[in-house]
Amino acid sequence: MSTQRRIVLRTIGVLITNVYQGTNLQALIDALNTPALPDAQITLVLSNRKAAYGLTRAAEATPPIPTAYLALQPYLKQNPGKTREDYDAEVAKIVLREKPDIVVLAGWMHILSERFLDLVEGRANADAYTSGDDDLRPSTPIAVINLHPALPGQFDGANAIERAFEAYEKGEIDHSGVMVHRVVKDVDRGEPLVVREVPFVKGDTVDEFAKRLHAIEHEIIVEGTKKVLQEVKPVKAS
């Protein structure tokens with residue numbers, strides 16, 4: 001008598017801004033329920049840009065993935081007296097309603113404050129989790145990971161590709177790289193989970209280098225997501 005493996009579905013929330021047209025999100029979508037990312041479902045794609053193409057990618061997925069939009073400046077304008085940290089808390093509440101096992105920042109171009117991390121990791125005061133009649137406190141801390149186009153400790157923050165290429169042109173480095181890391185309060189300083197070097201090639205333009213680097217990003221964002229999901233909700237190979 002054959003025994004079927006019980007499927008334990010792991011859920012993913014993805015935050016995007018879509019500087020690069022949502023290709024890292026697409027890499028995650030394409031990997032769902034393959035050996036690269038087994039027993040997984042994206043339950044939310046949230047963007048802080050209304051025109052982000054990743055929202056279209058999510059809507060056109062099979063099955064369609066729920067989406068949300070919340071941008072900082074419109075939020076502040078509509079809520080006088082609110083702060084950037086209040087915005088981060090509202091983003092966290094949108095995420096918490098979906099109860100994901102992991103949150104992946106896939107080109108999310110907004111530095112999240114400790115307020116966001118406190119909420120998704122279950123450290124905030126009890127009243128912070130109230131939203132209408134819902135109690136949004138997670139039963140266990142939700143892991144948050146980020147994709148960053150540089151090696152650990154190098155070119156933290158924005159414009160990392162351009163800054164690395166400038167350093168290459170000055171003869172200061174001969175390679176850069178990409179990493180997936182845990183998100184902590186210090187920008188791009190969380191524990192590296194997957195790291196891959198990307199060498200410069202003689203005659204490179206910044207666009208040519210960026211294209212090669214993005215191809216590696218598509219691989220490691222899936223690898224990093226799978227690694228953390230196996231930690232928080234492991235499944236056995238079939």
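Glu-231 is partly exposed, with a relative accessible area of 45%. Here buried stands for under 20% relative accessible area, exposed for over 50%, and partly exposed for values in between (1.4 Å probe, protein chains only). The model is predicted: local features need pLDDT of at least 70, side-chain atom pairs count only at pLDDT 80 or more, and totals for chains, interfaces and linings use all residues. Residues are numbered from 1 along each chain as its sequence is written, and side-chain values use heavy atoms, with hydrogens and water left out.

**Salt bridges**

Glu-231 pairs with Arg-182 in a salt bridge, with 2.7 Å between the closest N and O atoms. The two residues connect distant parts of the chain, Glu-231 being in helix 7 and Arg-182 in strand 8 (residues 175–182), 49 residues apart. Arg-182 is partly exposed at 22% relative accessibility. A salt bridge is counted when a side-chain nitrogen of Lys or Arg is within 4 Å of a carboxyl oxygen of Asp or Glu. Helices (H or I, at least four residues) and strands (E, at least two) are DSSP runs, numbered from the N terminus.

Arg-196 is partly exposed, with a relative accessible area of 26%, and Glu-223 is partly exposed at 41%.

A further salt bridge joins the side chains of Asp-101 and Lys-233, at 3.4 Å from N to O. Asp-101 is in the loop between helix 4 (84–97) and strand 4 (102–105), and Lys-233 is in the segment after helix 7 (206–232), so this pair ties together parts that are 132 residues apart in sequence. Asp-101 is buried, with a relative accessible area of 16%, whereas Lys-233 is partly exposed at 27%.

| Salt bridge | N to O distance |
|---|---|
| Glu-231 and Arg-182 | 2.7 Å |
| Asp-101 and Lys-233 | 3.4 Å |

The whole structure holds 11 salt bridges. Asp-118, Glu-121 and Arg-123 are linked in a network of them. Side chains of opposite charge can pair when their charged atoms come close.

**The chain as a whole**

The chain has seven helices and nine strands. Its radius of gyration is 19 Å, close to the 18 Å that the globule rule gives for 238 residues, so the chain is as compact as a globular protein of that length. The radius is taken over C-alpha atoms, and the rule is 2.2 Å times the number of residues to the power 0.38. The C-alpha trace spans about 65 × 60 × 30 Å along its principal axes.

Of the 238 residues, 48% count as buried. The chain exposes about 12500 Å², and carbon and sulfur atoms supply 50% of that area. Among contacts between residues at least 6 apart in sequence, 67% join residues at least 24 apart; a contact means heavy atoms within 4.5 Å. There are 28 positive and 33 negative side chains, and the centres of the two sets lie 4 Å apart. Lys and Arg count as positive and Asp and Glu as negative, while His and the chain ends are not counted.

**Helix 1 and its surroundings**

The buried residues in helix 1 (residues 23–31) are Asn-24, Leu-25, Ala-27, Leu-28, Ile-29 and Ala-31. They pack against strand 1 (10–16), strand 2 (40–47), helix 2 (53–59), strand 4, strand 7 (143–148) and helix 7. Asn-33, with a positive phi near 60 degrees, follows helix 1.

In helix 7 lies Lys-227, which is partly exposed at 37% relative accessible area. Lys-227 and Leu-37 are 190 residues apart in sequence, yet their C-alpha atoms are 9.2 Å apart in space.

**Backbone features in loops**

Thr-62 and Pro-63 are joined by a cis peptide bond, with omega about -5 degrees. Pro-63 is in the loop between helix 2 and strand 3 (67–69).

Lys-99 is not a glycine but has a positive phi of about 50 degrees. It is found in the loop between helix 4 and strand 4 and is exposed at 56% relative accessibility. Asp-188, also other than glycine, has a positive phi near 60 degrees. Asp-188 lies in the loop between strand 8 and strand 9 and is buried, with a relative accessible area of 10%.

Note on methods. Accessible areas come from the Shrake-Rupley method with a 1.4 Å probe; for residues, only the protein chains shown count as cover. The place of a charge is taken as NZ of Lys, CZ of Arg, CG of Asp or CD of Glu.
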